[in-house]
Amino acid sequence: MFLPRRVALILLLVAAAIPATAQTAPATVLPLVPIPREIHPAASQLIPQGVKITCISCFTDASDNFTAQDLAQTLAARRIPTSGPFTIQLTRGQSASLPPEAQQEGYTITSGANSVVLAAPTAAGLFYAAQTLKQLIENDGPAAILHLAAIRDWPAMQYRGMQDDLSRGPVPTLEFQESLIRELAAYKVNLYSPYFEHTQQYASNPLFAPPGGSMSAADARALVAYAAQYHVTIVPEQEAFGHLHHNLTWESYANLAETPHGQVLAPGQPGSLTLIGQMFTELAQMYPGPFLHIGADETGDLGLGQTKADVDARGLGPVYLDFLQQITTKLAPLHRRILFWGDIAQSIVQGNTPYSAEAGATAPNRVDPNILLNLPASFKQATIAVPWWYSPHPTKGFAHFITPFTDAGFETWVAPGISDWSVVYPNNNDALPNIQGFVAEGQRQRSTGMLNTVWYDDGEGLPNSNWYGLLFGAAAGWQPGESSIPAFEQSYAQVFHGDATGDLNQAQLEIMACHQILREQAKVGDGSDGLFWLDPWSPDAQKNAAKLRPFVHDLRMHAERALTLIALARAAYPASTTYPMEGLSPLGGAVVTSVTTAPGAPHLDSEMWVQFPSNPTTLRHPDAIDALELGARRLDFIGLKFQLSDEIVQAYARAQIAMLSTDKKLHDTVGHELGEIRAVNGRLEDIRDTYSLLRDLYQQSWLRTNRPYALRPVLEHYDSTILLWQSRIERFRSVQRQYNDTKTLPTAFELGLPAH
């Protein structure tokens with residue numbers, strides 16, 4: 001649908017009685033993600049009486065029309081009055097002010113009297129200009145201010161992507177994937193890479209995909225079409241060498257496994273290449289973009305089973321790289337560039353690397369510094385190496401991961417990570433410097449792309465917890481050089497949530513402080529899921545309890561400060577009575593039905609959002625705020641759980657002493673001490689009830705984004721843990737009855753209590 005002949009998009013909302021031409025002084029610092037390459041703030045413009053969008057190319061160019069519609073929807077969602085005298089002009093055409101390297105995705109923003117001009121040579125550049133303009137608008141409704149600026153901007157890296165783990169538990173709904181792409185595109189990400197081990201459906205191999213937990217071909221085609229509107233290319237990753245355990249547990253594929261029910265396809269089996277060809281032929285039909293990702297990381301089984309004799313004779317390197325070349329040759333008729341993870345090849349070249357343990361048992365004995373250099377030029381031209389690493393400060397620096405490939409003539413992308421795996425909330429102390437350092441080094445080494453990775457190793461991660469790391473990754477891939485972490489930390493919440501108070505920014509920092517206390521001071525790792533689930537009465541927990549005790553107070557104070565800041569931010573932006581909650585999209589942007597919507601615009605699954613509502617606020621992306629709250633609650637509970645466990649042990653020790661005392665006053669305290677442990681509001685109930693509350697909040701957050709598939713094991717973990725503490729409540733009820741009847745108590749050991 002193209003714009004009407006009047007050219008301007010007019011959004012019919014109520015105008016406020018403030019002069020339309022009123023201006024204020026230029027803003028000294030503009031919160032923007034990414035930060036434009038060149039920006040010179042000008043006077044700020046009050047826009048209570050409206051903006052109109054003009055776009056000549058929208059009559060003939062569907063992409064530009066979509067950009068105008070997308071911008072109009074954002075203005076409507078933010079209750080920006082329109083039809084006033086201020087004009088936003090969208091213009092296409094070659095720009096002499098942009099250098100040659102900026103022509104593909106670059107843009108300019110300039111301002112004049114009562115107007116701002118967004119100009120770009122391409123549709124993508126114009127779209128990105130509009131995304132920047134959205135961020136230049138502060139506040140909503142009649143209070144909206146447009147911060148004018150002269151901007152020249154273009155990306156540092158050609159490919160800026162997110163890799164999304166769809167095989168370790170959570171499998172998102174198509175609706176959430178669309179909203180994820182929509183949001184990533186708003187921060188100038190142009191690739192989305194779903195990661196598959198067994199969760200893409202293949203007609204040629206129908207056994208792999210679990211019912212209700214996989215993407216269909218129809219899903220794939222819908223996602224591709226949706227993403228194209230936002231200038232996002234889908235890059236499917238199907239593991240084609242390792243990480244295929246779920247596929248290889250089927251008896252029909254047992255002969256293809258390197259080891260029985262293992263992880264790795266055996267290179268020597270002809271059926272291995274046949275299977276790869278079948279899967280990727282279908283992938284290429286579903287995802288017509290220029291890239292296919294074959295994975296090929298962490299092939300630790302290689303050389304331990306069917307290929308042992310070959311690896312023993314020739315070495316791991318030749319066997320591994322020969323199979324990669326065979327895969328590439330097999331897929332050549334698909335005419336795609338083939339991406340592969342770089343860890344195994346790097347280990348072969350350098351020997352003792354941070355991930356040598358994943359390279360196979362024989363790898364350290366077969367180092368070959370020239371093996372990549374000597375590979376055929378045709379293989380190098382057909383592939384892109386993707387080195388990955390996720391720690392913030394590797395001993396030998398980030399270049400160590402890239403140069404084996406650049407020195408051998410490979411194109412490279414770099415893959416940092418958001419440190420979301422196996423933790424109650426992503427550890428951004430690790431994520432931000434990892435992304436900052438690796439992407440900056442990639443730019444220095446002329447890497448053409450970056451993939452910011454999301455992993456759900458233990459199946460418990462929640463997508464709405466990931467936005468902080470994802471947005472910083474978007475900034476790092478677009479901005480030249482080393483992206484500023486402090487600048488991002490100060491801008492994130494205003495840009496993403498519309499929170500000008502700074503409270504949500506500080507809440508994120510409080511969560512980071514919790515992780516830092518657990519790792520740097522208590523030295524029990526970070527805020528891991530393992531620590532959250534750890535039974536404080538278990539022998540393993542006692543080692544952690546001794547380390548934690550000096551720091552539990554500080555841990556909990558930071559977590560509770562985060563919770564307080566979240567509450568303050570919500571209170572500063574209370575839910576609107578004019579724009580009710582049922583008008584919210586899944587990510588919190590109001591859907592104004594009086595505006596003509598662009599194709600693929602967010603739609604509302606009313607049943608789901610009534611069933612799983614966000615906490616009421618007019619802040620944007622309330623589900624992400626709820627996920628932040630859940631993370632803070634879980635971190636606080638880690639501390640509380642160990643405090644309560646100590647108090648239970650201490651109370652029972654006092655009860656035993658009091659039971660044996662001849663002092664009647666002391667003797668009479670036994671019942672009180674047992675009640676502190678088991679009675680209403682006793683310590684055991686506190687632990688049970690908190691796990692129960694967190695279970696419900698977790699389920700709510702999961703179902704906002706994911707299919708029900710794979711939720712059950714996590715809920716069973718909650719339920720079994722709740723049952724454990726309920727059984728302890730019942731056991732102590734028996735202890736109370738025993739004491740009332742016999743004036744005796746079982747030993748602490750008999751009750752499973754740790755030593756006092």
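Is Lys 188 buried or exposed? Lys 188 is buried, with a relative accessible area of 1%. Here are my notes on that residue and on some other spots; bear in mind throughout that this is a predicted model.

1. **Lys 188 and its backbone.** You'll find Lys 188 in the loop between α3 (174–186) and β10 (191–196). Its phi is positive, near 70°, and Lys 188 is not a glycine. For background, most residues other than glycine have a negative phi. The cut-off for calling a residue buried is under 20% relative accessible area, so Lys 188, at 1%, counts as buried.

2. **His 621, another positive phi.** His 621 also has a positive phi in a residue other than glycine, here near 55°. The residue lies in the loop between α19 (606–611) and α20. With a relative accessibility of 6%, His 621 counts as buried too.

3. **A cis peptide bond.** Going from Val 33 to Pro 34, the peptide bond is cis, and omega is near -5°. Pro 34 belongs to the loop between β1 (23–24) and β2 (38–46). As a general point, most peptide bonds are trans.

4. **The overall picture.** Stepping back, the protein chain has 24 helices and 17 strands. There are 756 residues in the chain, and 61% of them are buried. If you take the contacts between residues at least 6 apart in sequence, 77% of these join residues at least 24 apart. The accessible surface of the chain is about 28200 Å², with 55% of that belonging to carbon and sulfur atoms.

5. **Strand β6 and its partners.** Have a look at β6 (residues 115–120): 5 of its 6 residues are buried, so the strand is largely enclosed by the rest of the structure. On the parallel side, β6 pairs with β4 (residues 86–92) over 6 bridges. In that part of the sheet, Thr 91 stands opposite Ala 119 of β6. The pairing of β6 with β5 (residues 107–112) is antiparallel and runs over 5 bridges. There, Gly 112 has Ser 115 of β6 as its bridge partner.

6. **The β5–β6 turn.** The hairpin made by β5 and β6 has 2 residues between the strands. In this hairpin, Asn 114 takes a positive phi near 60°.

7. **Cysteines.** How many disulfides does the structure hold? It holds 1. The disulfide is formed by Cys 55 and Cys 58, with their sulfur atoms 2.0 Å apart. The torsion about the S-S bond of Cys 55 and Cys 58 is about 90°, so the disulfide is right-handed. Both Cys 55 and Cys 58 are buried. While you're checking cysteines, note that Cys 514 is buried as well, with a relative accessible area of 0%.

8. Asp 301 sits in the loop between β13 (291–293) and α7 (308–314). Its relative accessibility is 18%, so Asp 301 counts as buried, the limit being under 20%. Which residues does Asp 301 contact, leaving aside its neighbours within four places in sequence? They are Glu 258, Thr 259, Gly 262, Gln 263 and Val 264. Thr 259 is 42 residues away from Asp 301 along the chain, yet their C-alpha atoms are separated by 6.9 Å.

9. **The second largest pocket.** This pocket holds about 410 Å³ of space. It is lined by 22 residues, and those closest to its centre are Gln 104, Glu 105, Pro 155, Gln 158 and Asn 190. Helix α2 (residues 123–136) gives the most to this lining, with 3 residues.

10. **Cavities.** Searching the whole structure turns up 7 cavities of 30 Å³ or more. The largest cavity has a volume of about 90 Å³. Of the 16 residues lining the largest cavity, Val 423, Val 424, Gly 461, Leu 462 and Ser 465 are nearest its centre. Helix α20 (residues 622–660) supplies the largest share of that lining, 4 residues.

Conventions: Residues numbered from 1 in each chain as written. Predicted model: local features only at pLDDT ≥ 70, side-chain atom pairs only at ≥ 80, totals over all residues. Heavy atoms only, no water. Buried < 20%, exposed > 50% of the residue type's maximum accessible area, 1.4 Å probe, protein only. Pairing = 2+ DSSP bridges. Disulfide = S-S within 2.5 Å. Contact = heavy atoms within 4.5 Å. Areas by Shrake-Rupley, 256 points an atom, 1.4 Å probe, with all protein chains shown as cover. 1 Å grid on protein atoms, 1.4 Å probe; cavity = no way out; pocket = protein on both sides within 12 Å on 5 of 7 lines; lining within 4 Å. Points joined across faces, edges and corners; volume = space filled by probe spheres on them.
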